[in-house]
Amino acid sequence: MKLEHPCVCILPFALTLGLAACSPEEVVESPISIVEEHDVSSLNKPLEEGVLTADIVIFYSDNTELRWEQIQEEYLKADSIFRANGVQLNLKKAVKVDYPVEWAGMPSGEGTNVPTDDTVLDFYEMMDFEAEVLPDSLETIFSEFLAHEENRERTIFIIPINDLTVSWYERNENNEWQHVTSPTSAISFPPYSFADRIPMHLRGVISFQRSKPNRRVMAHELGHKLINVSHEGLDVCPQGSGDDVPGLMGYGESTEIFGGEEGRWHKERLLLSPFLYRTVGGEEIWNEEYQNGGSYDDPIYEGLIMEPACPTS
């Protein structure tokens, strides 16, 4: 089934994706087509009233290596991990889609500022300084995926785009800032990196193209989105890579979400996420919204911030 978009004319995707003006009565087909929508009732455990909840929508495609069996395992593991920490997942739907294979291999973000060697910033300060934004091409693609979705500002959407790259600045052995770029199998477009520079209707997007044997990639990416921290844990400072980082926010086998100052307040920050709500008497009561777009030190995290995030050199 092809999706249709009223009043939107879509140019063929080449090096970039663009939109052309069209008259209000025109309706054109989206480049995204629905192959199959799954019955997800067996994946959802009963939702408990009064328990913090995250709404999830999953898209996947044969354009990536991720298959439905793997997604089910990933989701069930993620739900188990977060339920153990006071948050239940609610899978609203899971849809197999087809889209142009050319939608691959692009950067996930574009920084607007470059540090000099005498710039003294910790990891999260660098995120604010770099002021990363979503590339126009990705903004258009993600908007296509979510065109007919409800409550986009508060829902988390898993989207399958191949070979996106991530980048960050870190100091090299000569204590000079260097720009590091790396391919990734998944990226969460986290609030601490994009803040209010990502369109509100896209801030819940996570790109996910490849699972791993331990089936914890989805949970890890949800951690970036909901806990709003980078790869860090216990005595390990935030960093671009999750190698040798303990707990869920690293790349290892552990799925622990640490609490307290020793755990860099991960569990406490999780429970404050604006992507979460409680149902009380049939009414959804949402957590407080970010006051500063979701930067690491957003005011909603008062008392739950490591200052500095780690010592600077």
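**Close-ups of a predicted model**

**View 1. Strand E11 and its partners.** E10 and E11 run antiparallel to each other, paired over 2 bridges. Two strands count as paired when DSSP finds at least two bridges between them, and the elements themselves are DSSP runs numbered from the N terminus, with helices (H or I) of at least four residues and strands (E) of at least two. This is a predicted model, so local features need pLDDT of at least 70 and side-chain atom pairs count only at pLDDT 80 or more, while totals for chains, interfaces and linings use all residues. Residues are numbered from 1 along each chain as its sequence is written, and side-chain values use heavy atoms, with hydrogens and water left out. Look for Ser207 in E11, the bridge partner of Ile187; Ser207 also has Ile159 standing opposite. Strand E7 (residues 156–159) pairs with E11 in the parallel sense, over 3 bridges. Both faces of E11 (residues 205–208) are covered, with Val205 and Ser207 buried on one side and Ile206 and Phe208 buried on the other. Here, buried means under 20% relative accessible area, exposed means over 50%, and partly exposed is in between (1.4 Å probe, protein chains only).

**View 2. The largest pocket.** This pocket holds about 580 Å³ of space. Its lining counts 31 residues, and Val166, Thr184, His231, Gly240 and Tyr251 lie nearest the centre. For the grid-minded: on a 1 Å grid over the protein atoms alone, a pocket is an open set of points with protein on both sides within 12 Å along at least five of seven lines, and lining residues have an atom within 4 Å of a point. Grid points are joined across faces, edges and corners, and the volume is the space filled by probe spheres set on the points. By type, the lining splits into 12 nonpolar, 15 polar and 4 charged residues.

View 3. H5 gives the most to the lining of the largest pocket, 4 residues. Since 11 of its 11 residues are buried, H5 is largely enclosed by the rest of the structure. The buried set includes His220, Glu221 and His224. Just after the helix, Asn228 takes a positive phi of about 65 degrees.

**View 4. Aromatic pairs.** The whole structure has 11 aromatic pairs. Tyr60 and Trp68 are stacked, because their ring centres are 5.8 Å apart and their planes sit at 15 degrees. Phe189 and Phe194 make a tilted pair, 5.7 Å centre to centre with 45 degrees between the planes, and both are buried. The rule: rings of Phe, Tyr and Trp (its six-membered ring) pair if their centres lie within 6.5 Å, with planes under 30 degrees apart stacked, over 60 edge-to-face and the rest tilted. Elsewhere, Phe59, Tyr99, Trp103 and Phe145 form one cluster.

**View 5. Charges over rings.** The charged end of Arg203 sits over the ring of Phe275, 5.1 Å from its centre. Arg269 lies over the face of Tyr301, at 3.8 Å from the ring centre. To count, NZ of Lys or CZ of Arg must be within 6 Å of the ring centre and within 35 degrees of the ring normal.

**View 6. The E14–E15 hairpin.** Strand E14 (residues 276–280) pairs antiparallel with strand E15 (residues 283–286) over 4 bridges. Thr279 has Glu284 as its bridge partner. The hairpin leaves 2 residues between the strands, and Gly281 takes a positive phi near 60 degrees.

Key:
1 Å grid on protein atoms, 1.4 Å probe; cavity = no way out; pocket = protein on both sides within 12 Å on 5 of 7 lines; lining within 4 Å. Nonpolar A, V, L, I, M, F, W, Y, C, P; charged D, E, K, R; others polar.
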